[in-house]
Amino acid sequence: PHCLFFRCLQLIETLVDPTTENTKRMLEVLLTTSFRNSVDAPSLALVCPIAIRGLRERGSETKHKAANIVGSMVCLATEPKDFLPYLPQILVHLQTTLVDPIPHVRAAAARAFGTIAKGVGEEHLSDVLSWLFRTLKTSESSVERSGAAFGLSEVLVALGPDRLKAFLPDILANATDQQAPPDVREGYLGLFVYLPTAFRESFQDYVPEVLPVLLGGLADNAEPVREVSLRACDVCVQQYAQTHTALLLRPLEDGLFSPDWRIRQSSVTLIGTLLDRLLRGCAEGVAAEDVMQTEILSLERRAFILSSLYIIRSDEAAAVRQTAVQVWKSLVSNSPRTLKELLPILTKRLISNLAASSAVYGGEEKQRVAARCIGSLAHKLGDAVLPQLLPCLQESLKSPDASTRRGVCIGLAEVVSSAPRSTLSEHLRVLLQIVHSALADTDVSVQNAASRAAGCLIDSLGNDASDRILPPMLSQLVEPPVYTTEQAERTFTVLREAQLQGFELLLQQQTQAVLPRLLNLVGDDNGPLDASKLRLLGSCATVQPLDRLQRNLKRIFHLLLEACCQTGLPDGADTTLLWTEASAASLRLIKRLDADGISTLLSIVEDELRAVCPIIELTAHGRQQLLTKSAAVAARAAQSLHGHRAGKGKKSDEEETETELNGGARVGPGAPLLPSAFVNLKELRAYPGFLKSVESDALNCRRRRAACEVILLVLWSRGVNAMLPFLEQILQLVLPLALTDPSEEVLVAGGACLAAINAQIKREDLIGFIPQIHGSVLRFLADPVTGKPVGSEVLTLPGLAISKKEPAAFAFSPSPLPPDFPAFSPSLLAGAPPSPCPSAFDTLAVVYQQGLMYGSATIREASSRALQQLVLHASSSAVEPMAVKLAGPLIRTVGDKFSGQVKAAILLAIKALLLKAGPSVKPLLPQLQTTLLKCVVDPHPIVRTLGCRIIGTVTSLHVSARVEGLLGDIVGLTQNAAATGAGALQVSLLQAATNVLRSLNGQCSASTYEKVLDAAWEGVRSRQEEEARIAAGQAISVLLLKHASRETALEFLQDQVLESGNQFEADSRLVRNFKRDIHIY
């Protein structure tokens, strides 16, 4: 019956001839047809083919009309099941239409999907839902994703809010999945462009959950994702601005302070849009500022929005600042008046932002924005704002939250930097109260911010501020004086440490203003330095820039060194405490220095040592000076005494007094040093005028010890090899202190410096300085007349006389002695100092040993000669513990293939070691004997000569059984040399046999006696070179005189020499040698 309303002929014609023109014309007819009854199945059979044909057309208008007709048919169908036969074909073509490039075509298709879903139910659209969700994730085109989002939103509206609630978690999860491709996030976020308008009031419950996701999408790395997120946010704002303002404001206000600048900019834009929608809902002619005060927004909400906008005007991103300024101007016409009204809540908001934790992402940026805003506020409205702002800041400073207190200080710094000078002067009292309270805070971050605020105040007001900030700070840091451990425990509390940290931060910020006051306070002459002032000196390590610290380094370290030996201390003062504090302060300063600073410091130490150097060092030349000086003093005293006696005719009691010194001789007070004191250190130090002769001030030795402490700190505060560029300079300073200083206290400290050098400089680098070290030692040993080194029997260096067996007595050191290094925890150092510290001899011996074992040929020779001098001029008690350790490498090295010069230097070192500590080397004598025998037959003459000499020394330490074997070996080698005509070798072997026989304890066995006698007599009778015959004669002389009885010796001479018919030239030489050796034995 409905066909009566149709134009039957056109309908039949279109069905018979479905051309594009006919289809288009029929679709227009259908759209203009009014249906008075429901559409039954026969009617659908006529209309559906035409609608399907329209969806298949390429023209957008045709598809648009066909989609509208499909939606209408579903609505008008009598029974939805009548539509089901055509549903598959329609859905296929409708899906194609849904992804059409033309927006209004996609919109018509989406509405058709919604109508179909409402008509036929979800059970017939499961495939459609799956396809829509798949299309949301497609990477083909944003058009397809947009069409799918539109269609899905219409389908969800048709299915009801319950289905939306079920699908929403999955939708939000895909929209925020950063691991998924950007296309997926774009597709799912695109749903929210259509859902608010599709669901209208039903969607409002999901806005608090959805809007943060949309704002998060504004910060996405993909531009399409950001664009669709902004569109979705704008749709929500447009949809719910007037009806659900509070629902939208909360997420948008949170977005204003997001870490991402894009979210902040979009949030500002959306708030502007929201407020614009509110304005449209008001009567025409009402100003924007008046609308802000209407009942649409509460007073608290209005103040919150405007304060947020004003803060965002100071954003670090230019785009955000520009957008915020535009929105602010559109809402506020009188900024000063509005700001005065907003000041309480604005201040609260600013302090809250300033209190943002730097540990949270974006927290530091939030603090900077708030600080810039509060500075801008103070600059524009200083006179009007500060009276209200400062009390708020002062009250907030009492908060238990450290972040809030830190925010107050950051804001105060910006206020001080931005406000006019005149305004700051008016409120200086309150500003100072805030600064003093903040500087005394126990939280380090608050102190840091407070120090910056104090620095800004000093920058702005100059001396007006510094004169009122610094004296109270310094006063509370140095009072009361601390000289004992008990006082330190009472004074150095957590609060004092916090105050000191705050001062250090201020010193770092305002070095030019603070450092001179600090040094003037510490360096005044009001009294000796205490632990508090020493800690203040350590605070100078925070001075910025570094070159300013280095310019004041001399003054600082002069004060620290003086603190180690100051006089006039109160009764009961703990000098160990003061020494420890001075060392800790020095370490802080040294750690702060760079290479230029270390060079400057070493020059300062050199100057200090030069100023307190001893009058006479205990070198060879210095001891000669002491002898000469004591003789001159004695002569003057004798002359004065003679004149006094001639005038008085009698002796005073003092003149009658005698003093026991110089090996038990009783002499008067003016008696000179005996020559034996040149060698005997104990005798030299026992001289009554010794200390006065070598030191201009009794405390100078303590000052030199303090300088050694600084050098130790320099060495141990750096890593391995860090001090290599300065090693030459350090050695020049340390070697005199460690070897020739008159004070044992300084000698021990110098030895510790040498140990630190050995530990902190790599072996391969340190051995290159052995020639320099050896040269310095030779200068100490130079004879006053000849300039050549003196022998061990003449001079022992003071530093080489200290050992574990004979430790330092510290007889002339002021009491009490400072603590051992380090005085503080070793964990503060880069390395761990050895404990106990080795002596100077031990350290230098190890260094020379390393050079002997691992150096080049030149270094090996220098190391051997240096070791020889070291052993010769050390005490036996110092050499003996190291004897075996030193002898082993010497024995191994001399047996290697080196030049004769190197071997000769090693043999001289071995000889010195045997002379000083021969019995201690007994465990290695078999190896040494074998090595020396090889040296006796060495190709180099100097090596053979030294080998012959030393082998006799070794023999005196051996047991007889081993010597018998040695003599047997020498005899065998001598006979071989004689047979081969090696005259020079035969001479060396005969000389070696002579030295062995001369040094042997007791007589050799009869068999050995015969062997040696036969070999030597063959040498005498042979026609070898004269030297060989003389050497043989010497061997026979020693053998007869020491190892034969008188009768046997005389019988041999009578039979073989005097009455022998064989005349030879060496007979007379043999008799002369015999006569000479008689006098020896």
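Predicted model: local features only at pLDDT ≥ 70, side-chain atom pairs only at ≥ 80, totals over all residues.
Residues are numbered from 1 along each chain as its sequence is written, and side-chain values use heavy atoms, with hydrogens and water left out.

Reader: Where does P545 lie, and what is omega for the peptide bond from Q544 to P545?
Author: Helices are DSSP runs of H or I with at least four residues, strands are runs of E with at least two, and both are numbered from the N terminus. P545 sits in the loop between helix 29 (531–539) and helix 30 (546–551). The bond that joins Q544 to P545 is cis, with omega near -5°.

Reader: Is N721 buried or exposed?
Author: N721 is in the loop between helix 38 (700–717) and helix 39 (727–739). Its phi is positive, about 70°, although N721 is not a glycine. Buried means under 20% relative accessible area, exposed means over 50%, and partly exposed is in between, with a 1.4 Å probe and protein chains only. The relative accessibility of N721 is 18%, so N721 counts as buried.

Reader: What is the relative accessible area of F810?
Author: F810 is found in the loop between helix 42 and helix 43. F810 is not a glycine, yet its phi is positive at about 55°. F810 is partly exposed, and its relative accessible area is 27%.

Reader: Which element gives the most to the lining of the largest pocket?
Author: On a 1 Å grid over the protein atoms alone, a pocket is an open set of points with protein on both sides within 12 Å along at least five of seven lines, a cavity is a set where a 1.4 Å probe fits but cannot get out, and lining residues have an atom within 4 Å of a point. The largest pocket has a volume of about 900 Å³, and of its 37 lining residues the closest to the centre are V748, P836, C837, P838 and S839. Two or more lining residues come from each of helix 38, helix 40 (744–760) and helix 43. The element that gives the most, with 8 residues, is helix 40.

Reader: Which helix gives the most to the lining of the second largest pocket?
Author: The second largest pocket holds about 400 Å³ of space, and of its 18 lining residues L681, K682, R685, A801 and E806 are the closest to the centre. Helix 36 (681–685), helix 40 and helix 45 (876–879) each give two or more residues to this lining. The most, 3 residues, comes from helix 36.

Reader: What is the volume of the largest cavity?
Author: A volume is the space filled by probe spheres set on grid points, which are joined across faces, edges and corners. The count comes to 10 cavities of 30 Å³ or more. For the largest cavity, the volume is about 90 Å³.
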